[in-house]
Amino acid sequence: MEETGIFCTYCTKSPVPAVRTCLQCETSMCHEHVEAHNKSVDHSLIEPTVSFLHRKCSTHKEVLKYYCPMDAACICVSCWVAGGHKGHDVELLDVASEKEKEKLMKYLEELNPQKAGIQTKRLNLQDRQRNIQKKASDKRKKVRKIFMDIKKQLEMAEKKALSEISRQEGKIVSQISNLIKKLDIEEGELSRKMRHLEEMCHVTDPIRLLQESDITVCGHGDDEDTGGDGGEGRSEFDLDEVLISLTLHRSMRDIVTNVTSELGLHVPDILLDEDIAHRSVKISEDLKTATRSKDKQNRPESPGRFLDYGQVLSRCGLSSGRHYWEVEWDQKGRCVIGLSYPSIEREGLQSLFRCNDKSWCLYMSDAGGEAFHRSVRSPLSVDRRCPRLGVFLDYEAGRLSFYQLCDPIRHLHTFTASFSEPLHVLFFVKDRASVRIIS
């Protein structure tokens, strides 16, 4: 009662906490005064309050005693007898309050399962949030480890390349030094002979001159051939830059191989199958590019060839594991990039990429992009400045994802399915479009 700050109206000498408030008198009373009040009159007593407006009728200024269910309003006696609620079925406030409490309890019982469901979902989301955070933390650790390994491998690759350069440098410099020493010896011998010849030119004795000069000329052919002319363009005195580049390239390739292995990815060598390509689809010599041609290709009859649409499949299928490869579209015409079961029809509408349940594809054109499966299309937000796509397949998990290789990389679409056959790369090209598998 002290917390309410409401005191007895009649205790004027010292403040005494009130225990009840009379609505009719609009006074608050302590225990002593409330007993005297109850004996004198029959007024409505409530918990101590200083607010009376909402407890009295705004029209008649009388205490609200009844509840009108028809108008959902608390009313006074005058409202019921002669006012706007005359003739309505009304209830005492306490009776109406109890009925309302019963309704609220029933509604509360109905809400409890909903609340429990929300709490369960909340707990599940919190668990998922923690799992994502833990997974992200583990991924960070893994990525840091990968980059630490890459740094070590890069340092080793650098050492190998520098070591190869130093090895070639040492070998060539040593050879040149030996040749220089030989040339120094030759130069000394020539200088000695030249001095001797100069001396002979000043000899006055004919016999001596002729005899010694003949010996000198005869001895000239015995000079040792150094085998080098000192020319800077000689290939044997140059670095083997191809060997250095191959050493570096092999190290880089090993690093990429190690990284893809750490990530659990396999990069397949995908080749297109000319034997089943539609005659309007030109296949490059390396079997990596499909181009729509206005001229029919001269190809023999084949039972597996596409007959109605400009499509082609890859030679080999993927039936397990996690794979990643990249594809580039020349941004001309229209093309489709996807995967298909080898059992896809070869003619008729069911052979078209978007009209069957055996292929999962992305359709690319000037208008944008769409994902297709079972004749269901999903619009895509495509950046026309990025012609290269990344394709990721997790066969066992039933996941096929497409990414646009911008900066940063953008996820375009993911198909989920339970794959039951090997999956072959599927290309569809039209209007002179060209699509290439990036090795």
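Which residues does Trp-80 touch, not counting residues up to four places away in sequence? I looked this up before anything else. Trp-80 touches Tyr-66, Ile-75, His-85, Lys-86, Gly-87, His-88 and Val-90. Contact here means heavy atoms within 4.5 Å.

**Ground rules**

I noted that this is a predicted model, in which local features need pLDDT of at least 70 and side-chain atom pairs count only at pLDDT 80 or more, while totals for chains, interfaces and linings use all residues. Residues are numbered from 1 along each chain as its sequence is written, and side-chain values use heavy atoms, with hydrogens and water left out.

**Helix H2**

I stayed with Trp-80. Its place is in helix H2. Helices (H or I, at least four residues) and strands (E, at least two) are DSSP runs, numbered from the N terminus. Trp-80 counts as partly exposed, at 33% relative accessibility. I wrote down the cut-offs: buried is under 20% relative accessible area, exposed is over 50%, and partly exposed is in between (1.4 Å probe, protein chains only). I also checked Trp-80 against Tyr-67, which is 13 residues away in sequence. Their C-alpha atoms are 9.6 Å apart.

Next I took Val-77, also in helix H2, which covers residues 77-81. Val-77 is partly exposed, with 32% relative accessibility. Leaving aside neighbours within four places in sequence, Val-77 is in contact with Glu-62, Lys-65 and Tyr-66. Glu-62 is 15 residues from Val-77 along the chain, and their C-alpha atoms are separated by 7.7 Å.

**The whole protein**

I stepped back to the overall picture. I found 5 helices and 19 strands. The C-alpha trace spans about 175 × 75 × 35 Å along its principal axes. The radius of gyration is 49 Å, whereas a compact globule of 439 residues would have one near 22 Å. That radius is taken over C-alpha atoms, and the globule rule is 2.2 Å times the number of residues to the power 0.38.

Of the 439 residues, 32% count as buried. The accessible surface comes to about 28,800 Å², and 54% of it belongs to carbon and sulfur atoms. These areas come from the Shrake-Rupley method with a 1.4 Å probe; for residues, only the protein chains shown count as cover. Among contacts with a separation of 6 or more, 56% join residues 24 or more positions apart.

**Cores**

Which residues touch the most other members of the largest nonpolar core? I found Trp-325, Leu-400 and Phe-427, in a core of 37 residues. A nonpolar core is a set of buried Ala, Val, Leu, Ile, Met, Phe, Trp, Tyr and Cys residues joined through side-chain atoms within 4.5 Å. A second, separate core has 13 residues, including Val-336, Phe-353, Tyr-363 and Phe-372.

I then followed Leu-400. Beyond its neighbours within four places in sequence, Leu-400 is in contact with Leu-339, Trp-360, Val-391, Phe-392, Leu-393, His-413, Thr-414, Phe-415 and Phe-419.

**Buried loop residues**

Gly-398 sits in the loop between strand S15 (388-394) and strand S16 (399-404). Is Gly-398 buried or exposed? Gly-398 is buried, because its relative accessible area is 3%. I listed what Gly-398 touches, apart from residues up to four places away in sequence: Phe-415, Thr-416, Ala-417 and Phe-419. Tyr-363 is 35 residues from Gly-398 in sequence and 21 Å from it in space, C-alpha to C-alpha.

Ser-351 is in the loop between strand S11 (334-340) and strand S12 (359-365). Ser-351 is buried too, at a relative accessible area of 1%. Not counting residues up to four places away in sequence, Ser-351 touches Phe-306, Tyr-309, Gln-311, Ile-344, Glu-345, Arg-346 and Asn-356.

**Backbone notes**

Which peptide bond is cis, with omega near 5°? I found the bond from Asp-407 to Pro-408. Pro-408 lies in the loop between S16 and strand S17 (410-416).

I also noted positive phi angles. Leu-287 is not a glycine, yet has a positive phi of about 60°. Leu-287 is in the loop between strand S7 (281-283) and strand S8 (289-292). Its relative accessibility is 11%, so Leu-287 counts as buried. Ser-375, not a glycine either, has a positive phi of about 65°. I located Ser-375 in the loop between strand S13 (368-373) and strand S14 (376-380).
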